[in-house]
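Subject: Structure handover

Hi,

Here is the structure you will be working with. Please open it first, then read the notes below with the model beside you.

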Amino acid sequence: MVEPATPWGAVVAVLVLVGGGAWLWLRQRGLPGFGPLAPRGPAELVQRLALTPHHSLHIVRVGDQMVWIVTFPNGAVLHRVQPFSELVATMEAGTGGRQR
């Protein structure tokens, strides 16, 4: 005759599933300690902004340069390259890059 399973096996299985799901959820959110340890190459995605369902703006840092890439269904356009230090100075000045 087969012995009925103890409830402890089920409790451990549920805890493992909940813990794994929480770890994956935190990793997708990019919280410290749960994501990749370091960038894997010279380029780093700073931000992605969906303009429409088919058009996106990607801001990528490559070394000291900020590259803005606009993507659309038929391709992509490299829109602007700006030194990162210049971008920081513009943001600190509060002008947003516009002349007053």
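His58 is buried, because its relative accessible area is 18% and buried means under 20% (over 50% is exposed, in between is partly exposed; 1.4 Å probe, protein chains only). This residue is found in strand S2. Strands here are DSSP runs of type E with at least two residues, while helices are runs of H or I with at least four, and both are numbered from the N terminus.

Before going on, note that this is a predicted model: local features need pLDDT of at least 70, side-chain atom pairs count only at pLDDT 80 or more, and totals for chains, interfaces and linings use all residues. Residues are numbered from 1 along each chain as its sequence is written, and side-chain values use heavy atoms, with hydrogens and water left out.

What does His58 touch? Leaving out residues up to four places away in sequence, His58 touches Leu45, Gln47, Arg48, Val67, Trp68, Ile69 and Thr71. Touching, or contact, means heavy atoms within 4.5 Å. The side chains of His58 and Thr71 are also joined by a polar contact of 3.4 Å. A polar contact is a pair of N or O atoms within 3.5 Å; within protein, one must be able to donate a hydrogen and the other to accept it, and residues adjacent in sequence count only if both atoms are side-chain atoms.

Ser56 is also placed in strand S2. Is Ser56 buried or exposed? It counts as buried, because its relative accessibility is 6%. Its side chain makes a polar contact of 3.0 Å with the side chain of Arg48. Beyond neighbours within four places in sequence, Ser56 has contacts that include Leu49, Ala50, Ile69 and Val70.

Now the fold. The protein has two helices and four strands. Along the sequence, the pattern is α-β-β-β-β-α.

How are the strands joined? Two strands pair if DSSP finds at least two bridges between them.

- S1 (residues 43-52) and S2 (residues 55-62) run antiparallel, with eight bridges. A hairpin of two residues joins S1 to S2. Ala43 stands opposite Val62. Leu49 has Leu57 as its bridge partner.
- S2 and S3 (residues 65-72) also run antiparallel, with seven bridges. Val60 stands opposite Val67. Val62 stands opposite Gln65. This hairpin has two residues between the strands, and Gly63 takes a positive phi near 65 degrees there.

Val46 lies in strand S1. It counts as partly exposed, because its relative accessibility is 41%. Not counting residues up to four places away in sequence, Val46 touches Ile59, Val60, Arg61 and Met66. Val46 and Met66 are 20 residues apart in sequence. In space they are 8.9 Å apart, C-alpha to C-alpha.

Next, the surface. Trp8, Val11 and Leu15 form a nonpolar patch there, with about 370 Å² of accessible area together. Areas come from the Shrake-Rupley method with a 1.4 Å probe; for residues, only the protein chains shown count as cover. Patches are made of residues with over 30% relative accessible area and no salt bridge; like charges are joined within 9 Å, and nonpolar side chains (Val, Leu, Ile, Met, Phe, Trp, Tyr) within 5 Å. A salt bridge is a side-chain nitrogen of Lys or Arg within 4 Å of a carboxyl oxygen of Asp or Glu. Val11 sits in helix H1 (residues 7-29). Val11 is partly exposed, with a relative accessible area of 38%.

Last, the totals. Of the 100 residues, 12% count as buried. The protein exposes about 8,400 Å², and carbon and sulfur atoms supply 65% of it. Among contacts with a separation of 6 or more, residues 24 or more positions apart account for 0%.

Best wishes
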